[in-house]
Amino acid sequence: MREVIYLDSASTSLTPEPVLQAVLDYYRGYKANVGRGVYRLAQLADQRYRDAHRKAADFVDAKGEGAVVFTRNTTESINIVARGLDWKKGDRVVTTLMEHHSNLLPWMRLKKGGVELKVVPPDAEGRFELADFEAAIMPGTRLVAVSQLSNVLGTVLPVKEIAGICRDQGARLLVDGAQSVPHMPVSVKNIDCDFLCFSGHKMLGPSGIGVLWMKNAGEVEPLLAGGGMVEDVEGCDFSIKAGYEGFEAGTPNISGGIGLGTALDYLGKVGVEEIQSHERRLTERLLGGLAELKGVEIIGPGPHDCRERGGVVSFNVSGLLPHEVAMMLDQAANIMVRSGHHCCIPLMKHLGLKYGTVRASLYLYNTMEEIDKLLAAMEQIAKMG
Ligand SMILES: Cc1ncc(COP(=O)(O)O)c(C=O)c1O
């Protein structure tokens with residue numbers, strides 16, 4: 001498997017040995033349920049699972065603030081907020097046209113209950129003017145939901161400034177951090193958001209584990225009710241536990257949570273700033289190289305502006321479909337890239353890209369040599385277009 005060049009980390013990342021080991025250690029050494037037993041193994045499992053929540057909170061600078069809940073993924077985290085807030089007819093949700101379907105469809109569903117949806121479009125490079133948000137966020141706006149880093153164009157949104165507008169208008173801010181948290185330092189305190197959502201599988205962790213951080217969990221009704229989340233049951237009523245347990249009814253993904261904890265340790269040791277600088281160097285080379293190829297069009301910010309973007313690079317080759325390019329890269333050069341609409345159909349329609357884009361997305365394990373191999377392969381492919 002590792003003979004290939006893997007450039008699809010925006011979809012899901014690779015998993016390092018220590019994470020695999022942590023998952024195996026749990027299954028081999030101390031498999032027990034959490035939040036229930038008093039015996040030694042149950043206590044150990046509970047401790048490790050609890051520690052993983054603490055590590056996730058520390059990772060996004062949420063120590064001592066709000067609650068970190070484990071979910072299945074970013075999609076579930078967003079849906080918990082969409083389903084759990086007490087919406088009223090006429091409430092307004094503001095989002096953008098650049099969002100992944102996971103940060104669009106949950107809000108679209110609210111329209112049935114009379115919630116109004118305002119979708120702000122980006123310019124051709126995926127940039128927004130703050131004035132667009134100032135115009136869209138108004139009294140009555142209950143929630144603004146934006147992705148911090150686009151999974152198609154690589155652009156970074158000014159979420160801190162958007163948070164300021166939200167505060168002024170009394171709106172909550174949800175940040176979809178699926179692409180940002182794995183690749184750049186993210187601080188919920190610095191942004192001053194109300195919700196942050198991200199996925200373990202995109203940041204070296206196992207699949208099936210995600211995170212929802214909430215500043216004020218009391219505003220959100222848990223999606224599930226059942227075992228493990230209950231403080232007391234009296235007659236026909238129940239009260240729920242404080243903290244994450246109230247939101248994690250049923251046996252959770254224990255090994256996934258523990259594995260995520262190890263992934264966060266791993267990322268912490270390498271350093272997210274270091275990862276960001278490494279990706280920036282690779283991205284500069286990739287964009288610079290692609291810009292020189294005749295017949296290749298970069299979709300999103302080009303080489304002129306690598307500071308305000310992440311390591312997600314979309315492009316197209318004239319005369320070839322994105323899927324054709326991806327197949328050629330696989331067959332000719334063992335390079336794995338994504339192609340298609342990247343779960344962003346509204347953005348693709350806005351940009352007039354019926355077949356989507358080819359997307360190379362980078363992470364800490366990619367090398368300059370791999371980028372050069374991609375560029376060499378693209379040089380050949382572009383000649384066929
Ligand atoms: C920006 C963004 N939001 C949400 C998601 C959904 O993540 P998941 O599939 O882990 O729920 C993705 C996945 O690619 C994404 O890129």
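Colleague: What makes R359 and D8 a salt bridge?

Modeller: In this predicted model, the closest N and O atoms of R359 and D8 are 3.2 Å apart. The cut-off is within 4 Å, so the pair counts as a salt bridge. R359 lies in strand β15 and D8 in the loop between β1 and α1, 351 residues apart.

Colleague: Why is R359 called buried?

Modeller: R359 has a relative accessibility of 1%. Buried means under 20%, so R359 qualifies. D8, with a relative accessible area of 12%, is buried because that value is also under 20%.

Colleague: Why is R50 called partly exposed?

Modeller: The relative accessible area of R50 is 33%. Buried is under 20% and exposed is over 50%, so R50 falls in between. D46, at 15%, counts as buried because the limit is under 20%. D46 and R50 both lie in helix α2, four residues apart.

Colleague: How do you know that D46 and R50 form a salt bridge?

Modeller: Their N to O distance is 3.7 Å. That is within 4 Å, so the pair counts. E245 and K241 form a salt bridge as well, with their closest N and O atoms 3.9 Å apart. D46, R50, K241 and E245 are linked in a network of salt bridges.

Key: Residues are numbered from 1 along each chain as its sequence is written. This is a predicted model: local features need pLDDT of at least 70, side-chain atom pairs count only at pLDDT 80 or more; totals for chains, interfaces and linings use all residues. Side-chain values use heavy atoms; hydrogens and water are left out. A salt bridge is a side-chain nitrogen of Lys or Arg within 4 Å of a carboxyl oxygen of Asp or Glu. Helices (H or I, at least four residues) and strands (E, at least two) are DSSP runs, numbered from the N terminus. Buried means under 20% relative accessible area, exposed over 50%, partly exposed in between (1.4 Å probe, protein chains only).
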